[in-house]
Structures are given as C-alpha cells and as structure tokens.
Amino acid sequence: MKQRTGTLLSGMAAVVAASVVLSGCQAKSDFSAEQQETMGKAQSIAAYSNGDWAKVKPEDKTFLISGPGSGSESSAKMFLSSIAKPK
C-alpha cells in the first residue's frame, strides 16, 4: 500500500509539473534545459499517440516510465494522458 501511495503521489507530481510547463506562461522558464528537452520529447510522444498508451513505441514507453513517469507504468500513463491534447 505504501508503494502504491508513493506511485500515486509521483504521478500526481508529474501531472502538476506538466500542467505548469504546458500552461503557456510567457515568463522566463524556471526549468533547466534538460527538463525542457524531456517535456518536449514527452509532448512529441503525446502528439503522435494522442495519449493512447497502446500506440506508444516500446522505447518511448521506457522513456516515459523512467523519466516523467517516476518509474511506474501507471504514473507514465497518467502523465501521458494529462499532456495529450484532445482531438
């Protein structure tokens, strides 16, 4: 149960971070170049998959799980769906 709570909190943190990055703020970014690059790649994945985990390439799933997904497939799925733009 403790791991599940940690995973959920990690996923929520990723969603909040994505929301901040994607909010369209024009102010100077507080994110590092590496963080911006990670979000750019994640946005590309979300765009080609339309947020559908089944359409994500295996190497991109690994990227999402190990990076923005905080080591959990369920968190990576939540993150992907949170940054995908609706059709």
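Author: We begin with burial: a residue is buried under 20% relative accessible area, exposed over 50%, and partly exposed in between, using a 1.4 Å probe and protein chains only. Helices (H or I, at least four residues) and strands (E, at least two) are DSSP runs, numbered from the N terminus. This is a predicted model, in which local features need pLDDT of at least 70, side-chain atom pairs count only at pLDDT 80 or more, and totals for chains, interfaces and linings use all residues. Residues are numbered from 1 along each chain as its sequence is written, and side-chain values use heavy atoms, with hydrogens and water left out.

Reader: What does the secondary structure of the chain come to?

Author: The chain has 4 helices and 0 strands, in the pattern α-α-α-α along the sequence. Of its 87 residues, 26% count as buried.

Reader: Which residues of α3 are buried?

Author: The general idea comes first. An α-helix has 3.6 residues a turn, so residues three or four places apart point the same way. In α3, Asp60, Phe63 and Leu64 are buried.

Reader: Against which helices do the buried residues of α3 pack?

Author: They pack against α2 and α4, where contact means heavy atoms within 4.5 Å.

Reader: Which residues of α4 are buried?

Author: In α4, the buried residues are Ser75, Ala76, Phe79, Leu80 and Ile83. Viewed down the axis of α4, they fall within an arc of 135°, so they line one face of the helix.

Reader: At what angle do α2 and α4 pack?

Author: Axes are lines fitted to C-alpha atoms, for helices over the stretch in contact, and angles run from 0 to 180 degrees between N-to-C directions. Helix α2 (residues 33-49) and helix α4 (residues 73-83) pack at about 80°, with their axes 9 Å apart. That makes α2 roughly perpendicular to α4; angles under 35 degrees count as roughly parallel, over 145 as roughly antiparallel, 65 to 115 as roughly perpendicular and the rest as oblique. Met39, Ala42, Gln43, Ile45, Ala46 and Ser49 of α2 make the contact with Phe79, Leu80 and Ile83 of α4.

Reader: Where is alanine 42, and is it buried or exposed?

Author: Alanine 42 lies in helix α2 and is buried, with a relative accessible area of 0%. Leaving aside neighbours within four places in sequence, alanine 42 is in contact with Phe63, Leu64, Phe79 and Ile83. The C-alpha atoms of alanine 42 and phenylalanine 63, 21 residues apart along the chain, are separated by 8.5 Å.

Reader: How many residues has the largest nonpolar core?

Author: A nonpolar core is a set of buried Ala, Val, Leu, Ile, Met, Phe, Trp, Tyr and Cys residues joined through side-chain atoms within 4.5 Å. The largest one has 13 residues, and Leu64 and Leu80 have the most contacts inside it. Helices α2, α3 (58-66) and α4 each supply at least two residues of this core.

Methods
The arc is that of the directions from the helix axis to the C-beta atoms.
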